[in-house]
There are 2 protein chains.
Amino acid sequence: MNIAVVGTSSVGTAIVKKAHEHGHTVTAFGDADGAFVDTDGIDVANAVENRESRDLSGTDPLEVALDASYDVLIEATPTSVGHSQPGYEHVRAAFKRDRDVVLVNKGLLAERYRDLRQLEEDSLGELRFEATVVGTIPVMTTIQDLDPTTISAVRGIFNGPSNFILTRMATEGLNYESVLAEVQELGIADADPTFDVDGIDAALQCVIVANVLEEGNSEYTLDDAAVEGIADLPGSALDLAVGDGRTIRLVGEVSDDQIRVGPRLIPEQSSLAVSGTDNIVQLETKHAGRLNISGRGADISTTATAALMDVSRLS
Amino acid sequence: MNIAVVGTSSVGTAIVKKAHEHGHTVTAFGDADGAFVDTDGIDVANAVENRESRDLSGTDPLEVALDASYDVLIEATPTSVGHSQPGYEHVRAAFKRDRDVVLVNKGLLAERYRDLRQLEEDSLGELRFEATVVGTIPVMTTIQDLDPTTISAVRGIFNGPSNFILTRMATEGLNYESVLAEVQELGIADADPTFDVDGIDAALQCVIVANVLEEGNSEYTLDDAAVEGIADLPGSALDLAVGDGRTIRLVGEVSDDQIRVGPRLIPEQSSLAVSGTDNIVQLETKHAGRLNISGRGADISTTATAALMDVSRLS
């Protein structure tokens, strides 16, 4: 497939670098600062180098990228909370041209779910967003396969960095601050880790799941989620839990029309107690009982891969 | 959808009883001894009662059922090893009429994979068989979604009764014979448990998975599997494992063109160490790393449900 990638941060760049490996060709890549466009496939190495060195010579305006020849637009502008632009306009432009859209930006999806579905409905294009929820773990595909109306609850570990921190605190008896410094050094958490440790990232994913389960009957945004992070969790709480055969995890949950994210005490043997940066999602289903799907949590590389897998699902 | 159910053992009967709950209508139900056929939907209660009391009055020959009005044929004759009749003829009859086919009989599928795919290719009908591998856990759907050619290995716990036995032996320090008696009393294992405890059931599922991964490039049957069961496992082996933070599970594995089933020593914390009758399948994928899918293991009820979920996937 020919793809246009809008968004040049780390995930957008990773998508462009990996596209060929998945059998796809990047015909446009850029953002508001300028874009590389070539019907035969852009020179990826050159484009990535130019973006990294902030050399925008030889680029076209973003409008040219949005008008370029592509089958699928990947919307990969950075996730932000509280406003859905310019991502929303990129999606609108693609659907208007009856192109398919793959979303990476979870803020946009959590904020404007119903509007995006409406744009999709008015278009011949299709919307996919597996990359927005636990990266390459195929949760959205599984929910669609089982039929969202037969799923009564979803809970899980949706964020890798916070799970890594809690795992290290529990196994090494360390306090929050020292583990946070460690994960920042390892590049697992950003310099500004609030998005992960305050539960916002997990909450956005739960909002997306809640909207999918509702199938448009009602609409959720981040304001509907009760969110608590792990930054105030004392190391002593984890020590107490471990001594009792339990542990603490940042659990996200969608059930009974409620969205909740917060630290929860769970048995160490529980399937929810995945380790390190792993993620898990548990589905309570009408026909198949409780299903667990787990694997690597999302990072820059897996998020890019998840978006490209969505492109492959469209072909 | 209108469905014809061929096979009147416990699973066939459970399918007929549950069909309505999934929004489907049974228009034919029977086996070589006779069949109930009604274009408007058979009288399920009456048919089930007649079969259970072995009262075949008022039934038609099976040929009438195979010629009846239906969208999907569910082949639910009992799994047998070493011969694929009469199941194969039932599938052939349905595909010849361009109907879809849902398989429950794993022996038939493991024995004649390529032939069945050929029948499907020559027909407008579609073949589905999620129910043959770990029941309602959507492993086949996930493998198809990810693309079988991108999966390098599959391993897991494919059999509930043997896993229940091993779990009880490990946690209670009991020996094999006493736990086997218990599971037979609970109805978890059949009076003849060899199919479960000798690893045949797990091996058939691995053969099916291996054929799906090969996509017809080569064909596997049960003869290609190295199979070892758990009947000779001394309780002392489990005690030793547990003392060392490990446990023993009957693991099935497809990798490097090999199919192996046998008791394996694994860490107690391993995701493979599911408890009781639960099952898990681990996929080693090119793009998404290691994915785990787990849930309830197959029994009569979940197998019937899995077959009906496959019918829903066709509609």
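Where is the place of Pro86(B) in chain B? Pro86(B) sits in the loop between strand E4 (72-75) and helix H4 (87-96) of chain B; helices (H or I, at least four residues) and strands (E, at least two) are DSSP runs, numbered from the N terminus. This is a predicted model, in which local features need pLDDT of at least 70 and side-chain atom pairs count only at pLDDT 80 or more, while totals for chains, interfaces and linings use all residues. Residues are numbered from 1 along each chain as its sequence is written, chains are lettered from A and ligands numbered from 1 in the order in which they are written, and side-chain values use heavy atoms, with hydrogens and water left out.

View 1. In chain B, the peptide bond from Gln85(B) to Pro86(B) is cis, with omega near 5°. In chain A, the bond from Gln85(A) to Pro86(A) is cis, with omega near 5°. Pro86(A) is in the loop between strand E4 (72-75) and helix H4 (87-96) of chain A. Most residues other than glycine have a negative phi, and most peptide bonds are trans.

**View 2. Val134(B) and its backbone angle.** Val134(B) is not a glycine, yet has a positive phi of about 40°. Val134(B) belongs to the loop between strand E6 (127-128) and H7 of chain B.

**View 3. The interface of chain B with chain A.** In contact (heavy atoms within 4.5 Å) are 23 residues of chain B and 23 residues of chain A. The area buried between the chains is about 1900 Å², of which carbon and sulfur atoms give 51%; buried area is the accessible area (1.4 Å probe) that two parts lose on being put together, summed over both. Two salt bridges are counted between chain B and chain A, a salt bridge being a side-chain nitrogen of Lys or Arg within 4 Å of a carboxyl oxygen of Asp or Glu. Arg313(B) forms a salt bridge with Asp145(A), with the closest N and O atoms 2.6 Å apart. Helix H7 (139-146), strand E12 (289-296) and helix H13 (300-314) of chain B each supply at least two residues of the side of chain B that touches chain A. E12(B) gives the largest share of that side, eight residues.

**View 4. Strand E12 of chain A beside E12(B).** Strand E12 (residues 289-296) of chain A and E12(B) run antiparallel and are joined by three bridges; two strands pair if DSSP finds at least two bridges between them. Ser294(A) stands opposite Asn292(B) in E12(B).

**View 5. The rotation relating the two chains.** Chain B is superposed on chain A by a rotation of 180° with 0.0 Å of shift along its axis (RMSD 0.0 Å). The two copies are thus related as by a two-fold rotation axis. Copies are superposed by least squares on the C-alpha atoms of residues with pLDDT of at least 70 in both. Ile293(B) is the residue of chain B that comes closest to the rotation axis, at 2.3 Å (C-alpha). The same surface serves both copies, as 100% of the contact residues of chain B recur in chain A.

**View 6. A salt bridge within chain A.** The side chains of Asp201(A) and Lys106(A) meet in a salt bridge (2.6 Å, N to O). Asp201(A) in helix H11 (residues 200-214) and Lys106(A) in helix H5 (residues 106-111) are 95 residues apart, and the pair links distant parts of the chain.
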